[in-house]
Amino acid sequence: MASVSIRNVVKAYGAAQVLHGVSVNAEDGEFVVLVGPSGCGKSTLLRMIAGLETITDGEIAIGDRVVNDLEPKERDIAMVFQSYALYPHMTVYDNMAFSLKLAKKSKADIASEVNRAAEILHLQPLLDRYPRQLSGGQRQRVAMGRAIVRNPAVFLFDEPLSNLDAKLRVQMRSEIKALHSRLGATMIYVTHDQMEAMTMADRIVVMRAGVIEQVGSPLDIYDQPANSFVASFIGSPAMNFLIGQVDATSAPVLVDAEGVRWPLPASARGLHGKSITAGIRPEHIALGDGPISGTLQSIEPTGAETHLVVHAGAHDLTVLTRDRLFGSIGSPMSVRTDVSQMILFDTTSGHRIGDIPS
């Protein structure tokens, strides 16, 4: 296995620059997830690691080798794509064995590697089947098996679960994480799904518009987002944002556009008169007997949880509760925010207050 070092990497297509000096490392054996909205550059970066895209500037190293000028086959990587890309006329065994046959491995070595991968992925009963006889999840496991047999230094995954239904995605998330645990391999995984990132990663790299917004463990990014973009992108349901001006003449409050006064943490006392954005997660808002009056806009029971939208002051707040609430749209409902869980952002720059560059 090997680490991957990405150092000041730039990618441009003519005058259009899509990656702007990106630097990040994946340590040996680490599971790193690149996450961000469509067009942020995450798949382009993955393809540059694989050698499928040229590097405009900067360098990428796998282990102790700079690989900028190496062909993909010389980089000791294996890639699993969104499309399974299986050969329809070959059995599962032959699909998994194909790269080993090209490398002129002996029949015994091929059988040993294919059977090892099949055991890891629970594919032994399927080795004689053709892709058309497999479910989507089984096809994706075959694609992973084709990568495993090569014993690469680094595994690269490009949105491999996007074609699966919701139940299969949950199952395959667990299987890929278990695969990482068994192999101890370095894995870099691209997705736009923040839930995949949160549940699978050792570290998350949040990207937007060709730059890295934040790198950290899933819970660090969830609890301490560097800016309002990260706060809004990571978390489902998404974080609520209250926009207004701080009044700290007594206990600090945020006065929104409707004049409603939202309690703020004591740390906001030094922000008197400033326009800020206060972020609060849906699970940190309680219903009933609160100081803020609102109106119920929608209610979505999901079974274990209930998601509500309450219009209060100038804002529509998403609230997450484990109570099974029933009510009619438009009925009054008060809310209470846990100010100890609020995160304050500069409204103009989006930076978390306290982390704003001087």
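Helix H2 is followed by Lys 104, whose phi is positive, near 60°; helices (H or I, at least four residues) and strands (E, at least two) are DSSP runs, numbered from the N terminus. The model is predicted, and local features therefore require pLDDT of at least 70 and side-chain atom pairs pLDDT 80 or more, whereas totals for chains, interfaces and linings use all residues. Residues are numbered from 1 along each chain as its sequence is written, and side-chain values use heavy atoms, with hydrogens and water left out.

The protein chain contains eight helices and 19 strands. Its C-alpha trace spans about 80 × 50 × 35 Å along the principal axes. Of the 358 residues, 47% are buried, where buried denotes under 20% relative accessible area, exposed over 50%, and partly exposed in between (1.4 Å probe, protein chains only). Among contacts with a separation of 6 or more, 65% involve residues 24 or more positions apart; a contact requires heavy atoms within 4.5 Å.

Helix H2 comprises residues 92-102, and its buried residues are Val 92, Asn 95, Met 96, Ala 97 and Leu 100. These buried residues pack against helix H3 (107-120) and helix H4 (136-148). In an α-helix there are 3.6 residues a turn, so residues three or four places apart point the same way. Asn 95, which lies in H2, counts as buried because its relative accessibility is 0%. When residues up to four places away in sequence are not counted, Asn 95 touches Leu 86, Tyr 87, Met 90, Pro 131, Val 142 and Arg 146.

H2 also contributes to the largest pocket, supplying the largest share of its lining, five residues. Cavities and pockets were identified on a 1 Å grid over the protein atoms alone: a cavity is a set of points where a 1.4 Å probe fits but cannot get out, a pocket is an open set with protein on both sides within 12 Å along at least five of seven lines, and lining residues have an atom within 4 Å of a point. Grid points are joined across faces, edges and corners, and a volume is the space filled by probe spheres set on the points. The largest pocket holds about 560 Å³ of space. It is lined by 24 residues, of which Ile 77, Ala 78, Met 79, Ser 99 and Arg 150 are the closest to its centre. Strand E6 (77-80), H2 and H4 each supply at least two residues of this lining. The lining consists of 17 nonpolar, three polar and four charged residues; Ala, Val, Leu, Ile, Met, Phe, Trp, Tyr, Cys and Pro count as nonpolar, Asp, Glu, Lys and Arg as charged, and the others, Gly among them, as polar.

The second largest pocket has about 160 Å³ of space. Its lining includes Gln 194, Met 195 and Met 198, together with Glu 283, Glu 305 and Arg 322. Helix H6 (residues 194-200) provides the largest share of this lining, three residues. Five of the lining residues are nonpolar, three polar and three charged.

One cavity of 30 Å³ or more was found, and the largest cavity has a volume of about 30 Å³. Val 4, Ile 6, Val 24, Asn 25, Ala 26, Val 32, Leu 34 and Ile 188 form its lining. The largest share, three residues, comes from strand E2. The lining of the largest cavity divides into seven nonpolar residues, one polar and no charged.

Strand E14 (residues 275-280) is largely enclosed by the rest of the structure, because five of its six residues are buried. Six bridges join E14 to strand E11 (residues 240-247) in an antiparallel arrangement, with strands taken to pair if DSSP finds at least two bridges between them. Within this pairing, Thr 277 of E14 is the bridge partner of Ile 243. E14 also pairs with strand E19 (residues 343-346), in the antiparallel sense over four bridges, and Ile 276 has Asp 346 in E19 as its bridge partner. Phe 345 lies in E19 and is buried, with a relative accessible area of 0%. The C-alpha atoms of Phe 345 and Ser 228 are separated by 6.6 Å, although the two residues are 117 residues apart along the chain.

A further open sheet of four strands has the order E17-E16-E15-E18, with antiparallel pairing. Strand E17 (315-321) and strand E18 (332-337) are the edge strands, each pairing on one side only. Strand E16 (residues 306-312) and E17 are paired antiparallel over seven bridges, and Ala 312 stands opposite His 315 in E17.
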